[in-house]
Amino acid sequence: MAVAPTAPVSPAKEVGGLPAPGTAAPRPPATTSPVTTPAPAFGTQRGPATAARTSVHTTAGHRNPAPEPQPTHRPIMPAASLYPFSTEGGDQECIQRMVDFNSPLFKPEIGFPFGKSLRDVLYFTDNGQIIFPPTDNYVPSNPNPPPTGFSGWEGLPMVAAFWDDADFSQGIGTTWYQEYSTLSSTRDPLVRDVEAKIEKYLKTPYVAKWTLKVTWEKAPAYPSRRDDTQTSTYQAVLTTDGNLSFALLLYQDGGMRWDYTKLAAGNVLIGFSSGDGYAQNNELTQKPLAVKYRPDEHSSAGTDVRGLWIYRLDSRSRVNYRLRCLVWLDAQPAPAAWNSKLLPCPCSRPQAELDPRYLWSRGPADASVRMLRTAAPSLAGAGVRCLYQDGSLLEGWQERAWSLPIHPGADRELEAFDWCCRHVGKPLFCARFAEKRPRVGCEGYVPPTPAGAFGDPHITTLDGLTYTFNGLGDFVLLLASDAWTSFVLHGRTARTNMAQATNFVAFAAQYISATITTVEWTLGSQGDIQVLLNNKTIQFSYSQDMGAAVYYSPGVLLVNASSITAIFDGAIAVSISAASGILSVVCSLPDQYCNNTKGLLGVWDHDPADDFQMPNGTSISVNSSEKEIYSYGMTWAVGEHRLFAQPLDSLVMNFTPTFLSQLWQENKSQYQLAASQCHGSKECIYDVLSTGDVALGLATQSLAADFQQKKAVLNAFPPVITGDASLMAFRTERVMRQYRAVGEGARFVPHLSPELNISESGTLTWEPRGTAPFTVSLEAVGSNNLSALLQLRFTLCSCSRSQECDYSNTVTLGQSSLQLAACRCEGGYSGPFCQDPPDPCAQGCFPGVGCDSHTGCGPCPAGLTGDGWHCSDVDECAQGMVCPGNATCTNTVGSYACSCTAGEEDKGPGCGSACDSRSCPEGYCSNGGHCHRHPTTCTPICACPPAFIDQHCLVAGGDFQPLPSTADLPRRSVQLRVRTLQNATAGEVNGTVSAILGSLEVKTFQSNTNITQTTDNNGFTFTVVSEFAYDNRGTVIRFLNEELPRAITSAFNGQRGWREVGTHLLFQHLHRDNITDLVKLSVAELRRYFPCGLYGYKGYRLHYVGTIGFICISPCKMGYCQHGGRCQHLLEGPTCSCLPFSIFSPAGTQCEQLAISLAAFLGILLGALALLCLLLTIACLALHLCRRHCHQHQGVKETFWRPRPFPSLMTAGERAETSCSHSPERHWELQLQAIDPSVQIKIQRPHVRPPSHPSQQP
């Protein structure tokens, strides 16, 4: 939003009026000199001030220069100063000596909030625009602002600092820019001043995170000249904190000097449009040229300076996850400073759940994913989190900040991960997150080694040796140490009831590192476990994060679940459980203590043979007798340095336990019964026989079996998958990849879908079918039924050509495995996928100039010259334009004016004012015709509506296209079912769909209604009802009835609409099935809405022509008047004037009746009689001549022989005398001649000539 509506204030002027356009006004001292403000406009005189009064006539229908406002006097307001620019201010220059050019692309990492969207890219043009294109590949520059200003739905979102056609090609002027990234606390003085202005004028607390300053220095108007001094200098500052965004527009005091009287259009535009319905036009836009081209002389209400406007550019609040991620990244040190000695993740979820160094933690909302974290921080306070899906390791991350499980609240590590890797949707951010928080797998994972003691103590050493020791008293179970720490575990036993056996009733552990931590577990009287930490009772607190009661103290974490476990520095774990009045212990050590242990839990060196090592270093055989083992165990009795808070009760001296061999000898049948009950478990048999308690023995057996089973799980590993997890494909090309799974019995889990196939042998085949998101991981299963996962990343390039693919710049679709690669368009192509060929009309033409999609902009309007994109005025007077008579030629924009001196206005058409002062005769033009005078002859001329064909708009007959008769013409409507790839509001969907449908080739879209939202597994689904307007044009009707669904799917899927829309709201592929026709009218149904009424003229007939549409045709054009009658279409309808022809005289309303003319009939009859007489005369003369010829040849014989083709045949006439018989018949008679017997006649056999043989001449 702007600060406030403008309160125009002009600087001081000399008495007598405004300075000439393009010159700077004098600047008197502030607050003391008078100042001018715009006054109502009046006529402006062209030419010397001393010239006589003139009357001006304009030869073409173009605007005249706007009049200058006239001065009044007010106190002057100080002017805002531009921020320092050029190289002295650290700016970079951007200049190309051509008519139009663009700056490099700016890509603020945090994005730029504009309207409802977060924009990625922007650039500025030489024409005073800062444009936010939808993609990097579409960077147009339109020098022609819309005359009506911004609507908010422009295809290219932009900020217009001073949008008009500039021209830097002649060496005048330049542009400067500087980018300020202030994510950290350090801010440039310029940025601090920008923040101060926003807080001062908009009352909004603001701290900038990114700022761009652009300066247009001495920008010349088109067309420029090498000596051009009428230039403009202004500045735009765009700034954002990631959530709010603003534009500061500053205009140099006295530096806005374009000569607006010579501009071809004069449509300068200041303001902005977000492209999604949010726009604002500067209040000067609708002012006269002298005002809107001098923004340095005016101010916005709410400010105390001239030449400054501030707009807020964002239209809704948002959470900018890019900003949060980048601020977090900026504050993080390098991992080398904190991630030493961090553990890898366990290779399977069962391993992780049994490894006491890792504890369950609340994680993603996905129930199939389970997260575990290290139970204690490292020395640097860091940790590791591991995520498992259905038992398999999905991914792992190092964490710098280990959070206390007892303090619920925001998990900063997970928050940062979500910001950078889930919400942003740009893999580059997640890659940068991985630089600060390295990924971790299970390479190098070594499970801890457990040792334990159960029941009437049955001990399993770290090397897996199991034995029974029933000593009574306090004993050293374990002594362990490494270079930095040491650990001691003591156990206290007591007699098991009255039996000659013992069991553990207390344990104490001491861990020494930087501090000393002692934990004691004691069996309570109720069979519970009481815990002391450093000889003090502790109170557990329930952790929502871990789902258990916990207590944390530096160096140790105590977890109270089915057992009470102490984890010392995330390394050594001691877990104590109680059952049947007996304590059991499991102690787990990491491999750093290997070869550094001793005590009853043995010497950990992976060799059980030396586990019976006594404190003095000597050992007994593992095959020793029970008594020898008992004696060995007693050597580990604790001396004076006990860890227990309470001293040991008085010892029973000379206590000797009963051994299993004794029990067998004493009662073999009882032994056999116990063996049957215990399924052969010696530990169970001993406990049953020594205590007489079968339940105790079975409990011991269960504990021992559970211990062994967990130990086996800890040491079971899933297969290892090898192969590249990244796959790249171009459009629909097939990609094949072979993976290997290493492990016993390893095989891959097959996957089959229309575009992805994974075989059991690890062959992956990917044939992309579209851009619908999907998530796939490669899974391999071993013979132990443990599985491994490899997260696959599919990068699809949908560019038009493979060389345009930019696989380093990708976008993740819907948090799936599919990423879309960006495109680097070549050859003038544009669009998200370079699918749009060069469009000469994409950047617009000069106002009033049409555009052809093949040839580009048409010619400039009359009186202007240029290429149709840039147009400038033609000086007709300089080109020799001659005004009639004594008139003087004066050039105007787009035309010229002829004027004459005072006293000569009424001397004839030579002075244009004579026509201007004479009006047309009243009623000269009828039926809505407009009358005007010819500019030179002053003859009245009617401009008639299209149906009239005469000079006075009385006689109709011309064709015209009808308008709808009522306002209730139904609209063509369809229902669209679209799915977005990210969460979006109905308003965002409405704006994007409206812009896409508005970009259709045939502009008929009206609005969207009934937008409803549903959410499913494939994205966010919206149902949108879209309406389109019918009209009388055939192209529109055919498009809406036959081509609309195809055009809609092409606009969505071809993504041309994305370029037009300029938004990051993406949709899934739209199929024809997603479009449902709601209202569609046939041509027959539309006819009733287009009647042929025109000023009351009756008789027009409605026709539909496919290439034209509905057209009203007069019957006069369709043979209404018959027999050559002349047709005129008058008010009451078509009228026929019948014209006689031949012998006929037509009559009737349509000249349909024919009458014969008497005079013509008599003339024809006499002519026929005369012709008959002439024919009879000719016949008689011919008969006479024939008879005379016959008499001349009578009696003459034929005296010579004439050869005949058939000499033996003669006609009767040839044998007798010739007679002049008129009979046409001939009578043939046989006539044989006498044969001479002396003459021999040789007859030659006929020779048949082959077809190829040439004929022979006789």
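Predicted model: local features only at pLDDT ≥ 70, side-chain atom pairs only at ≥ 80, totals over all residues.
Colleague: Hi! At what angle do H10 and helix H11 (residues 694-714) pack, and how far apart are their axes?

Modeller: H10 and H11 pack at an angle of about 160 degrees, and their axes are 8 Å apart. Axes here are lines fitted to C-alpha atoms, for helices over the stretch in contact, with angles running from 0 to 180 degrees between N-to-C directions. Residues are numbered from 1 along each chain as its sequence is written, and side-chain values use heavy atoms, with hydrogens and water left out.

Colleague: Thanks. What do we call the arrangement of H10 and H11?

Modeller: H10 and H11 are roughly antiparallel to each other. Angles under 35 degrees count as roughly parallel, over 145 as roughly antiparallel, 65 to 115 as roughly perpendicular and the rest as oblique. On the H10 side, the contact is made by Glu-683, Cys-684, Asp-687, Val-688 and Thr-691. On the H11 side, Val-694, Leu-696, Gly-697, Leu-698, Thr-700 and Gln-701 take part. Contact means heavy atoms within 4.5 Å.

Colleague: Is the crossing of H10 and H11 left-handed or right-handed?

Modeller: H10 passes H11 in a right-handed crossing. A crossing is left-handed if the near helix is turned anticlockwise from the far one by less than a right angle, and right-handed if clockwise.

Colleague: And how does H9 pack with H10?

Modeller: Helix H9 (residues 668-678) and helix H10 (residues 682-691) pack at an angle of about 130 degrees, with axes 9 Å apart. H9 and H10 are therefore oblique to each other, and their crossing is right-handed. Among the residues that meet are Tyr-671 and Ala-674 in H9 and Ile-685 and Leu-689 in H10.

Colleague: Back to H11. Which of its residues are buried?

Modeller: They are Leu-696, Gly-697, Thr-700, Phe-707, Lys-711, Val-713 and Leu-714. Buried means under 20% relative accessible area, exposed over 50%, and partly exposed in between (1.4 Å probe, protein chains only). The buried residues of H11 pack against several elements, including helix H4 (349-354), strand S35 (582-589) and H10.

Colleague: What span should H11 have?

Modeller: At 1.5 Å a residue, the 21 residues of H11 should span 30 Å, and the end C-alpha atoms of H11 are 30 Å apart, which agrees. The expected span is 1.5 Å times one less than the number of residues.

Colleague: Where does H14 have a kink?

Modeller: H14 has a kink of about 75 degrees at Glu-1043, shortly before the proline Pro-1045. The bend at a residue is the angle between axes fitted to the seven residues ending there and the seven starting there.

Colleague: What sits in the loop between strand S60 (1019-1028) and H14?

Modeller: Asn-1032 is found in that loop. Asn-1032 is buried, with a relative accessible area of 11%. Not counting residues up to four places away in sequence, Asn-1032 touches Gln-961, Pro-962, Leu-963, Ile-1037, Phe-1090, Ile-1108, Gly-1109 and Phe-1110.

Colleague: Let's zoom out. How many helices and strands does the chain have?

Modeller: There are 18 helices and 69 strands in the chain. Helices (H or I, at least four residues) and strands (E, at least two) are DSSP runs, numbered from the N terminus. Of the 1258 residues in the chain, 48% are buried.
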